[in-house]
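Me: Please show me the model, and then take me through how to read it.

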Amino acid sequence: MRLRIVVFRVNELNILGEPAGGEHHHCWRCGHDPAPEPAEPLSLFCQFCNTLQPPVPDYYAFFNLPRELALDLAELQRKFYALSRLLHPDRYTRAAERERKYSLEATAILNDGYRVLRDPVERAEYVLKEAGFDLGEQRSRDVPPELLEEVFELNMALDELKSGDQSAVPQLVESRASFQQMLGEIDGELAGQFRRHDHSEAREARHTILEQIRKILNRRRYIRNLVSEVDRQLTAHGA
Ligand SMILES: [Zn+2]
């Protein structure tokens with residue numbers, strides 16, 4: 001019985017103690033172990049021979065940023081520029097083929113990671129996916145229950161406009177403004193959940209908050225699609 005508890009704790013430690021994508025490998029060129037706390041910029045380079053190492057595809061690990069949702073965008077940008085310089089193709093024209101290959105891989109991760117992490121919605125979706133959430137197709141199809149009535153009326157007005165009835169235009173314009181305001185509120189709500197997430201250390205608590213965030217993101221996407229549809233129809237009908 002005691003043994004089982006110990007084993008469980010060890011496993012738990014392994015899961016929690018290992019930063020995602022942060023496995024340490026010997027340098028492929030000089031064979032040195034990486035320094036325990038790699039200096040900036042990052043552990044991309046061997047601290048002993050300065051050779052580029054196989055890049056880690058995890059965006060947070062790649063940028064050496066804490067796994068937070070309310071990211072410091074200025075710091076992200078600073079790291080992006082520093083890494084861009086270090087990974088510039090001119091630096092690798094005379095490098096070994098293996099290092100050149102790593103520099104191309106690292107550049108791709110750098111650009112994708114920067115695009116994803118600097119956008120709050122994409123960043124949250126990335127963290128959700130990494131945490132095992134399924135962000136599949138049906139995520140934004142269902143009407144959020146609290147919006148049923150408004151969406152019903154909006155669709156009626158859209159049908160009128162499509163059949164050539166311009167009298168629906170003022171209602172659609174008003175409705176669009178109201179949904180746009182909702183988007184603003186949702187972004188504020190998301191920012192609050194991001195901070196809650198970052199302040200929660202425990203895995204369970206984070207998971208619960210991520211579930212909330214996923215719901216908010218679904219609602220956000222649904223409303224954004226509505227607003228785009230109203231835009232499209234108003235433009236198509238010269239309103
Ligand atoms: Zn080395």
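Reply: Start with ring pairs. Rings of Phe, Tyr and Trp (its six-membered ring) pair if their centres lie within 6.5 Å; planes under 30 degrees apart count as stacked, over 60 as edge-to-face and the rest as tilted. By this rule there are six aromatic pairs in this predicted model.

Me: How are the rings of F80 and Y114 placed?

Reply: Their centres are 3.9 Å apart and their planes at 10°, so F80 and Y114 are stacked. F80 sits in helix α3 (residues 73-86) and Y114 in helix α4 (residues 97-118), 34 residues apart, so the pair links distant parts of the chain. Helices (H or I, at least four residues) are DSSP runs, numbered from the N terminus.

Me: Is F80 buried or exposed?

Reply: Buried means under 20% relative accessible area, exposed over 50%, partly exposed in between (1.4 Å probe, protein chains only). F80 has 12% and is buried; Y114, with 9%, is buried too.

Me: Which residues coordinate the zinc ion?

Reply: Donors are N, O and S atoms within 2.8 Å of the metal (3.2 Å for Na, K and Ca); water is not among the atoms, so sites may look incomplete. Here C27, C30, C46 and C49 coordinate the zinc ion through their SG atoms, at 2.3 Å. C27 is buried at 6%, whereas C30 is partly exposed at 34%.

Me: What should I know about the numbering and the values?

Reply: Residues are numbered from 1 along each chain as its sequence is written, and side-chain values use heavy atoms, leaving out hydrogens and water. The model is predicted: local features need pLDDT of at least 70, side-chain atom pairs count only at pLDDT 80 or more, and totals for chains, interfaces and linings use all residues.

Methods
Helices (H or I, at least four residues) and strands (E, at least two) are DSSP runs, numbered from the N terminus.
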